[in-house]
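The sequence and structure come first.

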Amino acid sequence: MGLWDWLRGKKNAQVEEAAHTVEKGLQKSRESFWSRIKALFAGRQSLDPETREELEELLLTADVGPQATEKILAELERSLKERPLSPNETLTDRLASLLIARLERPFTPVEAHPYVVLFVGVNGVGKTTTVARLAYRLKQEGKHVLLAAADTFRAAAVEQLARWSERLEIPLVEKGMGADPGAVTYEAIQKALREGHDVVLVDTAGRLHTRTPLMQELGKVYRVAGKALPGAPHEVLLVLDATTGQNALRQAQAFQEVTHCTGLVLTKLDGTAKGGIAFALVEQTGLPIRFVGVGEAAEDLVPFSAEAFVRGLLG
Ligand SMILES: Nc1nc2c(ncn2[C@@H]2O[C@H](COP(=O)(O)OP(=O)(O)OP(=O)(O)O)[C@@H](O)[C@H]2O)c(=O)[nH]1
Ligand SMILES: [Mg+2]
């Protein structure tokens with residue numbers, strides 16, 4: 001099963017294939033913090049107060065955040081009380097299954113044609129790269145993709161997407177720099193309706209989550225999409241750069257206020273030891289992580305699997 005199925009909410013074999021890529025991408029996080037949990041748990045069958053305290057400290061330093069950390073600790077204690085470790089189970093195994101459960105959030109897809117996906121986030125997080133990588137793979141699966149250059153802030157941004165459009169031979173709707181991003185989005189959806197494209201990927205300008213007018217403009221793009229096609233955008237992916245750590249939480253909050261985000265894309269995990277931020281983000285937003293970025297190559301954008309992610313952290 002391919003990316004198209006994944007976008008439409010189906011479980012998918014690609015996830016298993018990508019487990020190795022994720023493991024490689026999480027190397028820094030694993031070596032900095034998470035492997036120490038395994039060392040801490042070695043030979044232990046239960047969570048004595050001292051171990052609990054050390055685990056708490058490790059989770060906090062790993063950027064898991066106070067709320068998620070507290071919940072993980074409480075769940076681990078409760079789980080061990082209710083069901084002590086079986087002979088062939090380790091404390092790390094038990095923690096891993098709790099961590100996986102925390103990261104698994106339901107994704108509710110909608111049936112739509114064209115299927116419109118809006119990409120939002122602050123500057124430089126990897127929106128355009130993500131759009132290009134998804135477009136490439138969807139095209140390989142035989143889908144008719146349309147790109148929309150709704151990042152009209154900079155001429156370079158329109159050019160960047162135009163270059164991808166040429167290279168991938170995927171059509172693009174653009175109205176140049178300075179055009180109304182809502183109008184670009186509207187036109188792209190209209191074109192897709194007319195010409196029967198399967199999916200419209202809308203690239204938006206990076207914007208600082210603290211800049212109110214820019215955030216309002218994004219809200220407008222979101223609403224205009226719904227005018228072009230009721231129910232659109234069907235997915236709003238908030239792209240977050242994992243290297244920004246706790247700041248990603250503030251970004252998520254601000255973007256959720258102006259658009260109805262449906263999922264997260266967590267990029268640049270390869271460049272940071274802060275992979276634990278995934279737990280804080282899912283805890284705070286309640287949103288599923290849909291993709292993770294673990295490198296610069298096309299195959300480094302991976303459909304998210306909680307299991308592969310947690311295995312990648314703990315090793
Ligand atoms: N190492 C690494 N680099 C990444 C990843 N994802 C994206 N990048 C790089 O991040 C840089 C910025 O990516 P863009 O896609 O241009 O980011 P953007 O969000 O569109 O940026 P603006 O349009 O300026 O807001 C590029 O150099 C990408 O190659 C990743 O998972 N890992
Ligand atoms: Mg961009």
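The largest cavity has a volume of about 50 Å³. A cavity is a set of points, on a 1 Å grid over the protein atoms alone, where a 1.4 Å probe fits but cannot get out; the volume is the space filled by probe spheres set on the points, which are joined across faces, edges and corners. Searching the whole structure gives 1 cavity of 30 Å³ or more. Its lining (residues with an atom within 4 Å of a point) consists of 11 residues, and Val22, Val302, Pro303, Ser305 and Ala308 lie nearest the centre. At least two lining residues come from each of helix 3 (19-25), strand 8 (301-303) and helix 14 (306-314). Helices (H or I, at least four residues) and strands (E, at least two) are DSSP runs numbered from the N terminus. The lining holds 10 nonpolar, 1 polar and no charged residues; Ala, Val, Leu, Ile, Met, Phe, Trp, Tyr, Cys and Pro count as nonpolar, Asp, Glu, Lys and Arg as charged, and the others, Gly among them, as polar.

This is a predicted model, in which local features need pLDDT of at least 70 and side-chain atom pairs count only at pLDDT 80 or more, while totals for chains, interfaces and linings use all residues. Residues are numbered from 1 along each chain as its sequence is written, chains are lettered from A and ligands numbered from 1 in the order in which they are written, and side-chain values use heavy atoms, without hydrogens and water.

Helix 13 (residues 277-285) packs against helix 7 (residues 91-103) and also meets helix 6 (residues 66-82). Axes are lines fitted to C-alpha atoms over the stretch in contact, with angles from 0 to 180 degrees between N-to-C directions. Contact means heavy atoms within 4.5 Å.

| Helix pair | Axes come within | Crossing angle |
|---|---|---|
| Helix 7 and helix 13 | 9 Å | roughly 45 degrees |
| Helix 6 and helix 13 | 8 Å | roughly 95 degrees |

Helix 7 is therefore oblique to helix 13, while helix 6 and helix 13 are roughly perpendicular. Angles under 35 degrees count as roughly parallel, over 145 as roughly antiparallel, 65 to 115 as roughly perpendicular and the rest as oblique. Leu99, Arg102 and Leu103 of helix 7 touch Ala278, Phe279, Val282 and Glu283 of helix 13. Gln67, Ala68 and Lys71 of helix 6 contact Phe279, Ala280 and Glu283 of helix 13.

Definitions and conventions:
On a 1 Å grid over the protein atoms alone, a cavity is a set of points where a 1.4 Å probe fits but cannot get out, and a pocket is an open set with protein on both sides within 12 Å along at least five of seven lines; lining residues have an atom within 4 Å of a point.
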